[in-house]
Amino acid sequence: MKGKNPAYKRVKGAFKTELLCLACEKSLAYYDKSGKGNLINIYISRVEKGYLEFNKKLLVCPFCQEELGVLVVNKKKKEEAYRIYRGKIQMKRI
Ligand SMILES: [Zn+2]
């Protein structure tokens, strides 16, 4: 994905964040985060735009190829998400 995410759906009550790769400090995506707390999962439908590719089992940084997370499926919500490894992505509220 480069630019807008065709699967993006606006989430009520969410706030906008920018996700950055901690290894190379480049901007990866704009993401709707809901709830308090750290970023644990990136739900694909909440990514508004950016450079992340969602067609593989592993999520990697498109700039430095660092492994960022692994694909999981939330059974309750039947939603695909990437479980983010600790210390790989920085979330900045915007
Ligand atoms: Zn990177």
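Modeller: This is a predicted model, and in it strand 2 and strand 9 run antiparallel, joined by 5 bridges. Within that pairing, leucine 20 stands opposite glutamine 90 of strand 9.

Biologist: And how many bridges join strand 2 to strand 3?

Modeller: There are 6 bridges between strand 2 and strand 3, which are again antiparallel, and one place to look is threonine 17, whose bridge partner in strand 3 is tyrosine 31. Strand 2 covers residues 15–21 and strand 3 covers 27–33, and the two form a hairpin with 5 residues between them.

Biologist: Which residue in that turn has a positive phi?

Modeller: That is glutamate 25, with a phi of about 65°, although this residue is not a glycine.

Biologist: Is glutamate 25 buried or exposed?

Modeller: Glutamate 25 counts as exposed, because it has 10 C-beta neighbours inside 10 Å and the cut-off for exposed is 12 or fewer.

Biologist: Where does glutamine 65 lie, given that it also has a positive phi?

Modeller: Glutamine 65 lies in the loop between strand 6, residues 58–60, and strand 7, residues 67–74. Its phi is about 65°, and it is not a glycine either. Glutamine 65 is exposed, because 10 other C-beta atoms lie within 10 Å.

Biologist: Back to the sheet, then: what is the order of the strands?

Modeller: It is an open sheet of 5 strands in the order 1-5-3-2-9, and the pairing is antiparallel. The edges are strand 1, residues 3–4, and strand 9, residues 89–93, each of which pairs on one side only.

Biologist: What does strand 1 pair with?

Modeller: Strand 1 pairs with strand 5, residues 47–50, in the antiparallel sense over 2 bridges, and there glycine 3 stands opposite glycine 50.

Biologist: Changing topic, which residues have the most contacts inside the largest nonpolar core?

Modeller: That core has 14 residues, and those with the most contacts inside it are Leu19, Leu28, Ala29, Tyr31, Ile42, Val47 and Leu52. Strand 3 gives the most, with 3 residues. As a general point, nonpolar side chains in soluble globular proteins tend to be buried together.

Biologist: What does leucine 19 touch?

Modeller: Leaving out residues up to four places away in sequence, leucine 19 touches Leu28, Ala29, Tyr31, Ile89 and Met91.

Biologist: Now the whole chain: how many helices and strands are there?

Modeller: The secondary structure comes to 0 helices and 9 strands, so from the N terminus on the elements read β-β-β-β-β-β-β-β-β.

Biologist: What is the radius of gyration, and how does it fit a compact globule?

Modeller: The protein has a radius of gyration of 12 Å, which agrees with the value near 12 Å that a compact globule of 94 residues would have. Along the principal axes, the C-alpha trace spans about 30 × 30 × 25 Å.

Biologist: And what share of the residues is buried?

Modeller: Buried residues make up 17% of the 94 residues. As for contacts, among those with a separation of 6 or more, 48% are between residues 24 or more positions apart.

Notes:
Residues numbered from 1 in each chain as written. Predicted model: local features only at pLDDT ≥ 70, side-chain atom pairs only at ≥ 80, totals over all residues. Helix = DSSP H or I, 4+ residues; strand = E, 2+ residues; numbered from the N terminus. Buried ≥ 20, exposed ≤ 12 C-beta atoms within 10 Å, placed from the backbone. Pairing = 2+ DSSP bridges. Core = buried A, V, L, I, M, F, W, Y, C linked by C-beta atoms within 7 Å. Contact = placed C-beta atoms within 7 Å. Rg over C-alpha atoms; globule rule 2.2 N^0.38 Å.
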